[in-house]
Amino acid sequence: MSTANMDDFSITLGVEEELFLVDPVSRDLLTDPKEGIFDLCDETAPPHKVVRELLRAQIETNTKVCSSVQEVRESLLETRRVVIEATEKFGASPLAASTHPIAHWQDLKITPKERYEHFTMVFQEGVRRFVIGGMHVHAGFGDPDTRIQVMTAIRRYLPLLHALSTSSPFNAGRDTGFRSYRLSLVGGIPRTGIPNPMYSWDEYELLLTQYKNRNFIENGSELWWDIRPSHAYPTVEMRICDVCTRLEDAVSITALYACLIRMLVRRLREGNLPEEPLNELIAEDRWIAQRYGVLSFFGDTSTGVERIDIDDYATALIEVLQEDAEALSCEQELHHVMTIIREGTSSDRQIDLYRLRLLEGDSPEEALKQVVNQILAETKQGVTS
């Protein structure tokens, strides 16, 4: 299908980032940050939103609805700047990573909100250990059936999207051996991971009804899949990604997600969406991404019998998406994917610094505090002077 046949295609984008609030002296999380942080964010965030999260030591930014990747970049700059200015005024610092290297869940407080208190009562230790944050990317496009079919078709690409975002190699003062330990913690509660394939909105609604009839959930916001139809908006919400420490990486992943959606809508209109891989194989690639990040070798879905280096996989995919990147005016942002792969993610930089500090004589505790310093600095990189 030519680009001309996609003239009626439009996409809206929005990004949520769950950030940690850090004590700039101890480098640990603040157990009870000052209310002024949240109040000032409420005043200065519009047209964006800044809201509370599960832990008192967290804050979540929601960009406004954006009509382009460039607008996403501008919005992320604004939301990060809002949080940086508010936290610094009240003696704190924001940290953009999906785990905090030295924090212990036993020391932290749940935000006093009925929803969070209910989850803690139901899921117990599974939720109390949730010292994690994620990056969620919303994409609004098409009608409900189109969104469901594209959501299903994009599942095979989720391991790549996740690998590009990894930022949680440390947990409770330990090197976990994973580039993203966050997904291991997420897996401690139900209705997470890769959803099964669905091909219509009615099929999704039927599943939702069955969950509700059994009193498992109240609404779709309690389906915590790696990708899902948003409960609140007419969007497909990608939830698999770690928080990107560097803002440019977050913008690049958003561009890749948008280009994949546009490509899949094209193929859907042509009637030639690719055959769906088995869920088990997507889940295996997901684990590989979690374990190895940008050092992954994924299963090759084109042949079904091989594994392919992430660099080769992404290079070929970007070539396929070139038309879509041009149409969405995000060629540079899409090609930044290769920079992430070749230079590493936040996890790679964290691990490299940690090992270097150990070699230079730091204790593990001292080395991890230097890792926190690095993440704090990169969180502000390109946002403040």
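Modeller: A residue counts as buried under 20% relative accessible area, as exposed over 50%, and as partly exposed in between (1.4 Å probe, protein chains only). This is a predicted model, in which local features need pLDDT of at least 70, side-chain atom pairs count only at pLDDT 80 or more, and totals for chains, interfaces and linings use all residues. Residues are numbered from 1 along each chain as its sequence is written, and side-chain values use heavy atoms, with hydrogens and water left out.

Biologist: Why is Glu-378 called buried?

Modeller: Glu-378 has a relative accessible area of 9%, so the term buried applies.

Biologist: What makes the pair of Glu-378 and Arg-246 a salt bridge?

Modeller: A salt bridge needs a side-chain nitrogen of Lys or Arg within 4 Å of a carboxyl oxygen of Asp or Glu. The closest N and O atoms of Glu-378 and Arg-246 are 3.5 Å apart, and the pair counts as a salt bridge. Glu-378 lies in helix H15 (residues 364-380) and Arg-246 in the loop between strand E11 (236-238) and H9, so the pair ties together parts 132 residues apart in sequence. Helices (H or I, at least four residues) and strands (E, at least two) are DSSP runs, numbered from the N terminus. Arg-246, at 24%, is partly exposed. Elsewhere, salt bridges with shared partners join Asp-32, Glu-35, Arg-52 and Arg-56 into one network.

Biologist: Why is H11 called roughly antiparallel to H13?

Modeller: The axes of H11 (residues 310-320) and H13 (residues 331-343) come within 10 Å and cross at roughly 175°. That angle makes H11 roughly antiparallel to H13. Angles under 35 degrees count as roughly parallel, over 145 as roughly antiparallel, 65 to 115 as roughly perpendicular and the rest as oblique. Axes are lines fitted to C-alpha atoms, for helices over the stretch in contact, and angles run from 0 to 180 degrees between N-to-C directions.
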